[in-house]
Amino acid sequence: MIRFDHVSKRYSNGFEALKSLNFSIDAGEMVFLTGHSGAGKSTLLKLIMAMEHPSRGQVFVNGSNLTRMPDSQIPYHRRQVSVVFQNHQLLFDRSVFDNVALPLVIAGYAASDIAKRVRAALDKVGLLHKENRLPLELSGGEQQRVGIARAVVNKPKILLADEPTGNLDPELSAEIMDLFRQFNEVGVTMLIASHDIDLLKRQNKRVLALSEGELRADMAPANAGAVHV
Ligand SMILES: Nc1ncnc2c1ncn2[C@@H]1O[C@H](COP(=O)(O)OP(=O)(O)OP(=O)(O)O)[C@@H](O)[C@H]1O
């Protein structure tokens with residue numbers, strides 16, 4: 001589903017953020033990506049989103065070689081791969097409903113279809129009763145769940161998350177992880193970047209560990225408890 005073949009990323013200032021990465025993630029897996037600040041986690045996720053391009057090597061997602069993907073295909077690619085950010089990136093002057101509807105409005109869905117899908121996504125994250133609220137009227141954990149509803153509203157095949165629990169206390173973080181597990185159980189392939197070692201030790205899932213742009217470990221669920229960065 002996701003395959004990195006000798007992928008390196010050098011930014012225009014010459015800094016090499018990723019160094020010859022090789023790994024693959026199968027459809028239906030839930031994998032954590034960890035590493036120190038600056039290890040290259042966000043860069044790796046941006047390559048999967050085609051927001052950045054490798055300087056060497058190839059990235060394959062869902063059967064397509066992103067290196068060869070024409071720009072015209074990128075909006076289609078981004079409908080299959082969604083991302084949840086730490087800071088939610090919500091529009092604060094729009095209601096919860098409108099925030100979740102945004103990807104569907106951009107993709108040109110009919111209004112009746114949008115309403116149905118938005119309510120289904122809000123129901124999944126337990127926020128159906130708050131669809132008319134503004135984001136600032138919600139708690140941090142609720143805002144994160146709005147971000148997740150928006151990421152899943154168009155039923156992506158792959159869900160990426162960049163430090164999705166960075167601002168949340170352990171209890172709310174565990175709730176967000178439960179939610180991710182539920183999406184994974186219905187077939188969504190998940191890759192979650194987190195430097196919260198305690199959190200990912202409890203998840204019992206495969207862990208990819210980056211250090212200074214190199215893949216230092218690829219740990220099976222049974223060994224994930226030994227991870228360190
Ligand atoms: N656009 C850019 N131009 C130049 N260097 C960049 C750019 N984006 C990131 N970097 C550098 O690449 C390295 C990896 O950054 P990246 O954001 O991928 O790390 P990260 O593991 O996600 O870190 P954090 O956990 O702090 O978010 C860092 O040293 C960063 O300064």
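The model is predicted: local features need pLDDT of at least 70, side-chain atom pairs count only at pLDDT 80 or more, and totals for chains, interfaces and linings use all residues. Residues are numbered from 1 along each chain as its sequence is written.

Helix α6 comprises the 16 residues 170–185; helices (H or I, at least four residues) and strands (E, at least two) are DSSP runs, numbered from the N terminus. The expected span of a helix is 1.5 Å times one less than its number of residues. For α6 this gives 22 Å, which agrees with the 22 Å between its end C-alpha atoms.

The buried residues of α6 are S173, I176, M177, L179 and F180, where buried denotes 20 or more other C-beta atoms within 10 Å of a residue's own, exposed 12 or fewer, and partly exposed in between, with C-beta atoms placed from the backbone. Viewed down the axis of α6, these residues fall within an arc of 155°, so they line one face of the helix; the arc is that of the directions from the helix axis to the C-beta atoms. The face turned away from the buried side carries the exposed residues E171, D178, Q182 and E185. Among the elements covering the buried residues of α6 are α5 (140–152), β8 (189–193) and α7 (197–203).

V227 lies in the segment after β10 (214–219). This residue counts as partly exposed because V227 has 16 C-beta neighbours inside 10 Å. Beyond its neighbours within four places in sequence, V227 is in contact (C-beta atoms, placed from the backbone, within 7 Å) with T34, I197, L200, K201, V207, A209 and M219.

Note on methods. Two residues are in contact if their C-beta atoms, placed from the backbone, lie within 7 Å.
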